[in-house]
Amino acid sequence: MEALSGLAGGFASIFTPVNFMVLWIGLALGMLVAVLPGLTLVMGVVLALPFTYKMGVGPALILLTAMYVAGTYGGAITSIIFRIPGEPMDVPLLWDGYEMTRKGQAALALGWALVAAFAAGIVSSIVMVLLTQPIARLALSFSTPEFFAVVFFGLASVVTLSGASLVNSLISLCLGLLIATVGVDGIYGAERFAFGLPFLQDGLEFLLVMVGAYGIGEVLTRMAVGFAGGAQSQAGDARFKTAFPKWAEIVRMKATFIRGTLVGMLVGIVPGAGATVSSFVAYGIEHQYGKNGKALGTGAPEGIVAAKAAATASVGGAFVPLLAMGIPGSGATAIILAAFLLHGIQPGPQVFVKSPELVHLVFATVFAATIGKCILGYFAIKPLCKVLDAPEAIVSAFVVVFCFVGAFAQRNSLPDLYVMAIFGLLGFLFERFRFPLAPLVLGAILGPLAEGNFMTTMVSFDNDWTVFFTRPVSGVVLALAIAGLLWPVIRAALKHYREFRGGHSPAP
Amino acid sequence: MPRKLSQVLPHGVMLAASIVLYWLAAGIDVDTGGRISPAVWPKAVIVIMGLLCAYEIVKRLLARSQFTATGVLSTDPLGVGREAALPLNLPMLFGGIALIAAYVVAVPYTGFFLTTALFLGIFPRIGGMQRPLLCAAIGVAGSLALAVVFMRIAYISLPLGDGAFRALSLALMRAIGVT
């Protein structure tokens, strides 16, 4: 009941004229960044952040949340119609969505994507509302060892779930954690890696790391290949319509909807694993266990529904750890965390006590944005597709300027620009040498939380590190995290061993 | 550079960085009264990073092993793999890096409007656009539009530049209604 009345308050806040306008601007921008060549969803949300500096916290959260929600849909349109995935999460849509287009069923494919996005969006929003407060209440009973264990689990999961080399992921994570140690430490006031420079003594803002690595780094990565493989819409050749499947067909596919939504929610909750991972996992599960699984890849609507439902549901999932514990579940929620922090609000269990109206505003925004993105997705297909014709060199030039403003405007500090540029170069080098960026960024974001809880525990428990393993909750969570880290090694070792045995076994 | 060495270059650089960082961390000196030192956390992270780099170097150079553990989900078919496989366009890359560096260095002196106009005009040219007049128009119109959006609508304070450039920025701000 309390949640419902809070949610009603959130909706009332959204439907004020300014907030309502901000919601639609966020939806349109989210759709645009999901479609535009060279712009990713996370990058788009990063670039929108400077506009929120002078906004109230409410409109700022509405803008970024709406962008995040809408950004999970826009790329589906171009994937299905033109075989151009706006986001990595839309790649599975190529396999069945574009196949349906080739069979002359583009409108129906778009219809399935829209229905999946709507259904999964609403269901995951409801689950998010129901789940967040109980988890926040549970988190209130946590002490520092438990918080350290949860943060460690998040850091481990981003490494475990990445598709890159485990060693490179761990190195990337370590670098992120080290970036977070720059400046004056919070317990003793000791200066670390600051070299006497005032701007380093204040620490390196994780926003600079994100803006540089994701924004400038991506621009340099695209420049390094001469903006090759850019998208062209061929908008004149296509039909821009959405045709909804029949109700009976939707009901027949309910298991696929449920599987996709469940996977999206669960994967979304895990820090570092967002819409892309959800989309691929759900597609894989559908292929393995779906009634029509073997037909996936040949233009089966199940492939569209599973992937799109999961990608959409991951948004609701990603908000749960952010709001309940202050731990972002995805790159976009990390920016939303920054928006909270910029306005002096720390998400986590206390936010339900101190600023419950903001939590309910975010909940209501996720609901409203889910509906809004479907309306935009239905009516604005043609202009969205035309956006693909924008030359990537021009888009990239504007991205750099937005990055510049995003880095500068937070503290009006010129050294921040240099730091951002350096992280841009680092982001490019990381991409080039196949070091994943997500662990670096998550390490920089969660590093202070991990170190703070670790240090406080050690001080409180007389330097007894075993306390992390002897307390039931932290022990179990740490064991899960360590098992997750070891699993890829064991799996690779077993595969290596089998190949070795296979290569040396005597001929029958 | 021999191929083998180029393969371990990134890990070698990171290992060297780990050694330097460890040396710096060893200099963090605070009287903690027997409690845990603020150097412990960074030192632990540096040691792990250094060991991982050393492992990778040894594996690639000495053991010549193909053993690689990867994360459990491979979901980047269009990201790192695709772009790392395409040939490098070095003139465009270095041109882009130089222009971004020049932009960041110049903007405090020449102000946001002028520097951004130049940047937006030159960047697409480096990026392969063939129409100089269009690029120039994009530079001027884009910079003006961004100045309006950031300074007038979003109320963001941006660098005005020094001397004559500052006067130019102030005149522009008056023209677009920023007081």
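Predicted model: local features only at pLDDT ≥ 70, side-chain atom pairs only at ≥ 80, totals over all residues.
Chain B is built from seven helices and zero strands, and 64 of its residues meet 74 residues of chain A.

**Chain B on its own**

- Along the sequence, the elements of chain B run α-α-α-α-α-α-α.
- Of the 179 residues in chain B, 34% are buried.
- Taking contacts in chain B between residues at least 6 apart in sequence, 62% link residues at least 24 apart.

**The side of chain B that touches chain A**

- With 64 residues from chain B and 74 from chain A in the contact, the elements of chain B that give two or more residues are α1 (3–26), α2 (40–63), α3 (80–85), α4 (90–110), α5 (112–126) and α6 (132–153).
- Helix α2(B) supplies the largest share of this side, with 10 residues.
- Sorted by class, this side of chain B holds 46 nonpolar, 14 polar and four charged residues.

**Helix α9(A) against helix α2(B)**

- Helix α9 of chain A (residues 166–179) packs with α2(B) at an angle of about 155°, and their axes are 9 Å apart.
- Because angles over 145 degrees count as roughly antiparallel, α9(A) is roughly antiparallel to α2(B).
- The two helices, α9(A) and α2(B), cross in a left-handed sense.
- Residues from α9(A) in this contact include A:Val167, A:Leu170, A:Ile171 and A:Cys174, while those from α2(B) include B:Pro42, B:Val45, B:Met49 and B:Glu56.
- By class, the contact of α9(A) with α2(B) has 15 nonpolar residues, no polar ones and one charged.

Methods. Residues numbered from 1 in each chain as written. Chains lettered and ligands numbered in written order. Helix = DSSP H or I, 4+ residues; strand = E, 2+ residues; numbered from the N terminus. Buried ≥ 20, exposed ≤ 12 C-beta atoms within 10 Å, placed from the backbone. Contact = placed C-beta atoms within 7 Å. Nonpolar A, V, L, I, M, F, W, Y, C, P; charged D, E, K, R; others polar. Axes fitted to C-alpha atoms, helices over the stretch in contact; angles between N-to-C directions. Parallel < 35°, antiparallel > 145°, perpendicular 65-115°, else oblique. Left-handed = near helix turned anticlockwise from the far one by under 90°.
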